Amino acid sequence: MGDQLSAARSFKKHFTRRNLLEIYTNKIKSSGAIGLDRTRPTHLENRLNDELDLIIRKVHQGSYRFTAYKEKLILKGADSQPRQISIPTARDRIVLRALCLCLTEIYPSAKLSLPQEVINNLKTGMTSGKYAEYAKIDLKNFYPSIPHCLIKTTLWKTIRKPELRNLIMAAITTPTVPESKGKKDTPDSTIGVPQGLSISNLLAEIALKNIDAAFMACPSIWYKRYVDDILILAPEGQAKTVANELIASLKNLGLSPHDFGPDSKSKVASLTQPFGFLGYQIASGQVLVRQESILRFESSLAKIFTAYRHKVATARSHKDLQRARAYCEWKVNLRITGCYFGYKRRGWVSYFSQITSTAQLRSIDHTIRKLTQRFVLQDHIKTKSLIKTFYELKRGKTGRHTYIPNLDDCDIHQKRALLAIWIGDEAKSLPEHRIEHLFLVKVAKAVQELEVDIANAS
C-alpha cells in the first residue's frame, strides 16, 4: 500500500496552486514554444489566476482534457520517416510538468541516466575482459508503438487514484495534428506516447522497467537500453541467444524490435569489430565520436559563418558590422564550449566528454581556423578551442571556470552587454525586468540550438 499512498500524496502535493505557479514561472514562461492555441507562454500571465483555477478544478475532478498537440516534424534524412514532435499549449505544459514531477517522485529510478554516464559504464564493461561479443538491438518507431495497455499494466499497479490515471490517459490519447488542420475530425490516439512532452521519456522508462531489470540482473552479461537503442555485451557464443530472448520478450510486450538480418539495424558481432552507441564509435578499444556526429557539428558551425556573411551584406554602418562580428564570435564560441544553463552542463564537448582520444577534437579545431580564414574573420574574432574545453570539463563540474560561460550566474550588466549584441543599443535603455525576460528567452533559444547538435547523436 505504501506506493499507492505515496502516489496519491504526490498527486495532491504537485497539483497545488503554489507548485503550478512555480512551474509556470521557472519552466514555462520564458520558453518560446507555442501550441495549437497560438498563445505565447508569456501572454498566459495576464490570465494566469483563471488558468490555474481551471487546472486545479479539472485535474482534481479527473476531467482535465488537453488541447490537441501541435505537430512539428524533424527530418532524419532521405531514407527515414520524419520524427513527429508534439507541442502542447502553455497551459497544458504546466499540467504535464506537474505530472512529470509527480511521476518522478513515484518512480525515482525511471529517470533517464546521462548518456555520458552510460558510456563511462560501457568503458568499464569493455575493459573488464569478461565479454567477447556484442549485440545491438534497435526498436522500430519506439515512442509511437508503445501500447497503451503496457502503460496501464505497469503503472496501475502503483497508481490507484482515478484522477491521476485519467490525467495520464488524457495526456497520451490526445492527438497530434498539423497546425493547418487543427483538431477537427482527428480521433484520439489509441497507441504510442507523444514525443516531446515532459512525461514522454518517463512513461517509456516506466513501461519497460521490468524487462530492463530482468536483463540487468543477468550476471553473465552487460546490458543497457537507452530509449530505443539496446546494447548487450556477452561472453563468447552467448550474445545471439540473449539477444533473441530479449527480442521475444519485447515482442510479447507489443513492441517492434528489428530482427537480425543482412540489412537490419540489429546486429551481433565480435567486440573486435567497431560499433556505434549513443553517437559514440567504439573501435579497437578506443571510444571516439561517430563520424556523422562530427559532420553534423561542423555543418552547424559553418551555418553560423554563413549567417554572418548575410549580416555583413546588409550592414548599413560600421556599428552594424561590429555587431555582426561580435554575434558571430559569441555564437561560434558557445557552440565550441557549450555552457552551464539551468544548472546543467550543455553542449557538444560535454556530451562527448567520454572519448579516449582527442585527435578528432584537434581536427575540428583546425576546421574552425579554416572557416575563420575563409570568411576573413581571423583578425576580427577570437575563437575558443574544443581541446581546451575538453580539459576544462575534465577539471570538474563546478561551473566556476571562466572558459565555459555560466549563463546562470550573469549579473544584469553582463546580460545587458550580451543583449546589446542581439538587439543593439536598445538594450542600454531597457528596464531591468525586460532585460531579465529577454535574456532568458534569447539564451533558452541558443541553448536549444546546442541540443540540436546532439539530439540525433544516437
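Biologist: Among contacts in the protein between residues at least 6 apart in sequence, what percentage join residues at least 24 apart?

Modeller: This is a predicted model, in which local features need pLDDT of at least 70 and side-chain atom pairs count only at pLDDT 80 or more, while totals for chains, interfaces and linings use all residues. Residues are numbered from 1 along each chain as its sequence is written, and side-chain values use heavy atoms, with hydrogens and water left out. Contact means heavy atoms within 4.5 Å. Among contacts between residues at least 6 apart in sequence, the share joining residues at least 24 apart is 73%.

Biologist: How are H12 and H15 oriented to each other?

Modeller: Helix H12 (residues 291–314) and helix H15 (residues 359–374) pack with their axes 11 Å apart, at an angle of about 20°; axes are lines fitted to C-alpha atoms, for helices over the stretch in contact, and angles run from 0 to 180 degrees between N-to-C directions. Angles under 35 degrees count as roughly parallel, over 145 as roughly antiparallel, 65 to 115 as roughly perpendicular and the rest as oblique. H12 and H15 are therefore roughly parallel.

Biologist: And how are H2 and H4 oriented to each other?

Modeller: The axes of helix H2 (residues 17–28) and helix H4 (residues 90–106) come within 10 Å and cross at roughly 110°. H2 and H4 are therefore roughly perpendicular.

Biologist: Which residues of H4 make the contact with H2?

Modeller: From H2, the contact is made by Asn19, Leu20, Ile23, Tyr24, Lys27 and Ile28. On the H4 side, the residues are Ala90, Arg93, Ile94, Arg97, Ala98 and Leu101.

Biologist: Is Ser284 buried or exposed?

Modeller: Ser284 lies in the loop between strand E9 (280–283) and strand E10 (286–289). Buried means under 20% relative accessible area, exposed over 50%, and partly exposed in between (1.4 Å probe, protein chains only). Because its relative accessible area is 75%, Ser284 is exposed.

Definitions and conventions: Helix = DSSP H or I, 4+ residues; strand = E, 2+ residues; numbered from the N terminus.
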